[in-house]
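Trainee: I should like to learn how to read helix packing and strand pairing in a model. May we work through one case together?

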Amino acid sequence: MNDQFLHRLREPPPLRFATTLKAKLDLRAAAVATRKRFLYLMSLLVIGGTALAFVSPSVRQLVASTLESVGLDTPSAHPGVRSRADGSAPSTNTASRVASPIEMEVLELRSKSVERPNAIAASPNAIDSRQPIGYSDRAANAQRAALISKHAQSLDADIAILSSDVHIRVGGAGATLAIFKVVGEEFGIHAKQKIRMSTRFSGVEDGFRKLCRGEFDIFGASRPILKPEMKDCAVQGTKFIELPIAYEVLAVIVNSNATWVNEITTDELKKMWEPAAQGKVARWDQINDAWPKQSLQLFGAFANSSSLDYFTDAIVGKPKATRSDYIGTDSANYVRNGVGRYTGAIGYVSYTSDIALTTQVKALKIVNSAGQPVSPSESAIVDASYTPLSRPLLMYVNAERATTPEIRAYVKFLLTHCAKWIGEANGVPLPADMYESVLAKFASGKAGTVFDGKSAIGVQLDEALARDPAQ
Amino acid sequence: MDLEEATAQPQENALAQPVDWNAVYSEQLPRIYNFLRFRVGRRGDAEELTSRTFEKAWNARDRYRRDVAGFSTWLIGIARNVATDHLRSARNHLSLDAAINSSDGITAEDEVARISDIERLVTLTSTLEDREAELIALKYGAELNNRAIARLIGLSESNVGTLLHRLVEKLRASW
């Protein structure tokens, strides 16, 4: 072996790989350019509109009356907003702040950024007659504001007695880690930085091990604890409280011109995505005789993403078991744009992605284990009929640490506030009344799991919460 | 375009012409792919990491519209980070795999005999310090000259030359 030998070890990248990657990059560059143009135009519109509203009282009046006519309160209708406009400082008292309609406005604004999936049902390509998802639903937002308001005093009381520099150790992966990160940041602000948070990545098996060893105070998991892990915790003498915090939901999308398909079975998805399909399954008619001889383009998640793990586990039966000749990306926008570009394309994305910003894609109904085709929607997620591509995300709290004010405060804050930010973490919030049940469970301190070491997919959470947990 | 050449290119020249990203892709892909192949060994892993590197870079490539040299350096920087992250996470799995393999009675020598030269090389470089393994990948995978490597990793050019010489000797002894 010498210098020349080492140089000769170089090889050209495989042609198939080079071509696929180039196509992917071109698509991505086009998507970035479109987004930039869109943002530029929106900025111009916002600036122009604001300027117009400021200079013209009649325009202000027109906007106010229009908002009222569609059932939205205008800022001038809120005493809280008026007082800020008068120059007074906003109240720092949580109860008084949240009790006003301002919180509802914030929730509405947040919800508008995650309400895209509604438009799947509202778009011309809609295939679902169910009620749209309730993010933007005024009643749901009011319930969430009420939840915050109801628990604000006890939350503030816990924060008030915190000693300085307490430490909370949190672990998670994928969607749970993203939720913990965003909640951790907001909690730090809320608790006036009295708390030192360490939020660490940990795979599910390793995370449960660390929870059992007492290395994590809280661990977020995408599946319930298994029996060997329960045994491990029992051996270590660690008890845990199991709390659902959100749902993780995947939508399967196709091009809106794919008129031959409105629903799909998990077997059909498996035929498309399993490793054995690589290089063989390239047309729709190879999956189902009734489908056309249309070439198939697959868009999915990167190899190390939790979406890919979940999708392959739910569809193929084993995490990471996927063909590799698909276009993989960490961007839901990219999947959406790619699927919108090719008639024969199909892809999967987190349910809260910006699917509805385009009418070029539609979400497929998934045929569940009962044989019913079900579209992704909040009601279908809550009643566990949209399976297997919907699952609860769970939080396991060290029961001993749960009695400390810092953990009490963090868990209360997370359960009362996280609905506002879960969309940013590609999750779907629980209904407000379910968060109330989860808070009650946490307050009861009942340790153990209600899933008996089995999967939570297809389990209705409200029923599960009513069960007595077993350690 | 070599990293070294790109750096030396007159600024006005770079400013005068629009960047041909297709050409940049064709030039940089083999460099990045081989750097990562020398770092991780397996072809599949190298493809995935190359893909990730380019996707990250392509999102912000406009920033380098007038400075392809900066883009090339930046690209190799991303590839280095991507490889480091991958190796860090792979190391956790490696111990598990090693535990499983040991029960099968397969020795490291058997394993090495089975795999290709490049994978054999990576098996050997994995026993080196991380920085040393990276040096080999930058020199023979990315085909950077000692001056470019020195600039990237913050050593002197002569130091890089000496280190590489010793490393090749060490690898030769174990080959």
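This is a predicted model: local features need pLDDT of at least 70, side-chain atom pairs count only at pLDDT 80 or more; totals for chains, interfaces and linings use all residues.

Mentor: Residues are numbered from 1 along each chain as its sequence is written, while chains are lettered from A and ligands numbered from 1 in the order in which they are written.

Trainee: At what angle do the axes of helix 9 and helix 16 of chain A cross?

Mentor: Two packed helices are described by the angle between their axes and the distance between the axes. Helices (H or I, at least four residues) and strands (E, at least two) are DSSP runs, numbered from the N terminus. Axes are lines fitted to C-alpha atoms, for helices over the stretch in contact, with angles from 0 to 180 degrees between N-to-C directions. In chain A, helix 9 (residues 174-190) and helix 16 (residues 405-417) have axes that come within 10 Å and cross at roughly 115°.

Trainee: Which residues make the contact?

Mentor: Helix 9 of chain A contributes Val183(A), Glu186(A), Phe187(A) and His190(A), and helix 16 of chain A contributes Tyr410(A), Phe413(A), Leu414(A) and His417(A); contact requires C-beta atoms, placed from the backbone, within 7 Å.

Trainee: Is helix 16 of chain A mostly covered or uncovered, and what span should its residues have?

Mentor: In helix 16 of chain A, 12 of the 13 residues are buried (20 or more other C-beta atoms within 10 Å of a residue's own, the C-beta atoms being placed from the backbone). Its 13 residues should span 18 Å at 1.5 Å a residue, which agrees with end C-alpha atoms 18 Å apart; the expected span is 1.5 Å times one less than the number of residues.

Trainee: Which way do the residues of strand 3 of chain A point?

Mentor: In a regular strand the side chains alternate between the two faces of the sheet. From strand 3 (residues 218-221) of chain A, Ile218(A) and Gly220(A) point one way and Phe219(A) and Ala221(A) the other, and all are buried.

Trainee: How many bridges join strand 3 of chain A to strand 1 of chain A, and how many to strand 12 of chain A?

Mentor: Strands pair if DSSP finds at least two bridges between them. Strand 1 (residues 166-172) of chain A runs parallel to strand 3 of chain A, joined by 2 bridges, and Val170(A) has Ile218(A) as its bridge partner. With strand 12 (residues 390-398) of chain A, strand 3 pairs in the antiparallel sense over 4 bridges, where Ala221(A) stands opposite Leu394(A).

Terms used: Two residues are in contact if their C-beta atoms, placed from the backbone, lie within 7 Å.
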